[in-house]
Amino acid sequence: IGIEYNKKPLLESDLAKFVTKIHVRGFRNEKLSAFPWENGELWLASMLAHAQLTLEECQRRAQDNYPLVRQYGLIEKARGYDLSNAGKGYLPQFSLSGKATYQSDITRLPVEIPNLDIKTASKDQYQVMLEVQQTLWDGGDIRSRKRLTRAASEVELEKQHVDMYALTDRVNQLFFGILLLDEQLKQNSLLQEDLGRTHKQVADYIANGIATLSDLDAVSVEQLNTRQHRVELETTRRAYLSMLAAFTGKDLSSETVLLKPAAEENIDRQMNNRPELRWYDAQGEQLRQQEAALNTRLMPRFGLFVQGAYGNPGLNMLKDEFNAYYMAGVRMSWNFGSLYTLKNDRRRIDNTRQQIETGRDVFLFNIRLQATQQDAGIVSMRRQMADDDEIIRLRGNIRRAAEAKVQNGTMTVTDMLREITNESMARQTKALHEVQLLMNIWQLKYTLNN
């Protein structure tokens, strides 16, 4: 399949136009040739879509593929277990107890009746009891525990968002690193073409007696250095691509094309959507629930109970034999011990709240500094890029003048090679500025999550 694309980058919106320029040569597979041409277009569109990768797609795939993403499900399960356990506080509570005791004295009648032997309980006593308790009102303790569980789970969830968001920066660094290497490889190819043309020119100069063999060797050395540099760039790109593939969980070949993102002009510098802010809010809500839970410790508890027991003695303390018995009633308990620590507990919560607010202020301060620095970098790149094309044009003029001087014998080949290198460096600087501008823009977007 031959593809005519006029050396222009292919966009997905151009696929409809693109496939009309395909020429099929030597297509002898009868099974495939039996397909309608429309299906062939769909197959080609799918193939080309897999060959291109955007920054947003890399970020999304990394979020889905990173092992830490499994933590979301674990947090939800843990919250469900804790809420279920807290709700079971309204279920009847069963307890089984037993005891065997020996006491120094027993209950006796204060008077003695002649001719009447009244038996008393034995000094050794035994009891096995089963008790059932049903909470009527717990002062809001169970409801408070549920709210605390939700608040604590929300803190863990927002912290998970923070950890996952940091992954975006790592993907950005790899993506733009590969884009920068791609630009350097393009400029390396252009430099090799220039050096190849120069090598041919110097060979002609030698034939005409204008240059010497050492001049040709100097050009050859530059060609070898350029090839070595290309090997280094290709090796680094493969390493970066392998790391990006590990993050995204997608097989990326050396032919994978990374599409440059748009250089956005309008970014709201005043809007900050970082997940750390929601994490601080969640911690503040958790403290509010802890403070509310302190009040439930001051409330009385009411409940029902039923006791069934078997022992000696039974309810009749004057009867020395094993009996079964039961008892039912309403129970109220009120613990005032929490009053001793209530003030300090509230102070501790308030101290933690101040620590959280301090952390938030420090975070916002650092974010403002980073955003200011990145915004200045964007302005600086745009200003420098305004002169890049003119510098390249002037360097091209200087290089062509140097070639003419060498041809006239008024300049050495070494000086001409220096000008060729300078022109190549000017083109590399422009490519570097373009990628750095994109990096600064997307770094600012990452800093503000905007």
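How many aromatic pairs does a search of the whole structure find? The search finds 8. Keep in mind as you look around that this is a predicted model.

**Stop 1: a stacked pair.** Select Y66 and F247 and show their side chains. These two form a stacked aromatic pair, with 6.4 Å from centre to centre and 25 degrees between the planes. Now colour the chain by position: the pair links distant parts of it, 181 residues apart. Y66 is in the loop between helix 4 (55–65) and helix 5 (70–87), while F247 belongs to helix 7 (residues 213–248). Are these residues buried or exposed? Y66 counts as partly exposed, because its relative accessibility is 25% and buried means under 20%. F247 has a relative accessible area of 15%, so it is buried.

**Stop 2: another stacked pair.** Next, select Y165 and Y446. Why does this pair count as stacked? The ring centres are 4.7 Å apart and the planes are at 5 degrees, so the pair is stacked; the cut-off for stacking is planes under 30 degrees apart. This pair, too, links distant parts of the chain: Y165 sits in helix 6 (residues 141–208) and Y446 in helix 10 (residues 413–448), 281 residues apart. Y165 is buried, with a relative accessible area of 12%, and Y446 is buried as well, also with 12%.

**Stop 3: charges over rings.** R274 lies over the face of Y446, 5.0 Å from the ring centre. Then select K159 and W279. Here the charged end of K159 sits over the ring of W279, at 5.8 Å from its centre.

**Stop 4: a cluster.** Select Y126, Y310 and F322 together. These three residues form one aromatic cluster.

**Stop 5: an alanine in a helix.** Finally, select A282, which you will find in helix 8 (residues 275–296). A282 counts as buried, because its relative accessibility is 8%. Which residues is A282 in contact with, leaving aside its neighbours within four places in sequence? They are E154, V155 and E158. To finish, select E156 and check its distance to A282 in your viewer: the C-alpha atoms are separated by 8.9 Å, although the two residues are 126 residues apart along the chain.

Note on methods. Residues numbered from 1 in each chain as written. Predicted model: local features only at pLDDT ≥ 70, side-chain atom pairs only at ≥ 80, totals over all residues. Heavy atoms only, no water. Phe/Tyr/Trp six-rings, centres within 6.5 Å; stacked < 30°, edge-to-face > 60°. Helix = DSSP H or I, 4+ residues; strand = E, 2+ residues; numbered from the N terminus. Buried < 20%, exposed > 50% of the residue type's maximum accessible area, 1.4 Å probe, protein only. Lys NZ or Arg CZ within 6 Å of the ring centre and 35° of its normal. Contact = heavy atoms within 4.5 Å.
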